[in-house]
Amino acid sequence: MNGLATGRRDKESAMCQIFTTADPALYANRARSIRLRGVATSIRLENIYWQALEEIGTRDGLSVPQLVTRLHDELDEAGVLGDRANFTSFLRVTCTRYLQLQLAGLIPGDVGVPIRSLDADQVLAGECDRLQRRPAAKLVAGAGVLRSH
């Protein structure tokens, strides 16, 4: 085997090692019982998502159950709430978008800044601009769906 192939494999291993050495507690599932519209329901997410939801809620003085209830109610009022599996997926996407928006500088990294104090239209416009500039992905208008090209 030549040195070039070995060097490439070592870099690929290093890339994977960054992710494969994560603390297993981060991707362990945990169910939490939360009351939605007066009905106790169980939501199962990986611990890393519960941590992100806690950070999001804390920024605005909300507990995780309060945040999840608010998100659920707003989805329901908008008429886009699907079944619980879809809501759980929505929560995962919420956490991922929160982190992506922080990395893009559209949500301040300072967790002392409440999200409610941000201009939602400005954040969403910045997200749309960022996604449109990405050559490998395109935001489908009105659907909020990414499509690879």
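**Nonpolar residues, inside and outside**

I start with Phe19, which is exposed at a relative accessible area of 60%; exposed means over 50%, buried under 20%, and partly exposed in between, with a 1.4 Å probe and protein chains only. This is a predicted model, where local features need pLDDT of at least 70, side-chain atom pairs count only at pLDDT 80 or more, and totals for chains, interfaces and linings use all residues. Residues are numbered from 1 along each chain as its sequence is written, and side-chain values use heavy atoms, without hydrogens and water.

Phe19 sits in helix α1, residues 3-20 (helices are DSSP runs of H or I, at least four residues; strands are runs of E, at least two). With Met15 and Ile18, Phe19 makes a nonpolar surface patch of about 360 Å² accessible area together.

Now the inside. The largest nonpolar core has 21 residues, and Phe87 and Leu53 are among those touching the most other members; a core is a set of buried nonpolar residues joined through side-chain atoms within 4.5 Å.

Which aromatic pair turns up in the whole structure? The search finds one: Phe87 and Phe90, centres 6.0 Å apart and planes at 20°, so stacked (centres within 6.5 Å; planes under 30 degrees stacked, over 60 edge-to-face, the rest tilted). Both lie in helix α5, three residues apart. Phe87 is buried at 3%, whereas Phe90 is partly exposed at 26%.

Technical notes: Patch = residues over 30% accessible without salt bridge, like charges linked within 9 Å, V, L, I, M, F, W, Y side chains within 5 Å. Areas by Shrake-Rupley, 256 points an atom, 1.4 Å probe, with all protein chains shown as cover. Salt bridge = Lys/Arg side-chain N within 4 Å of Asp/Glu carboxyl O.
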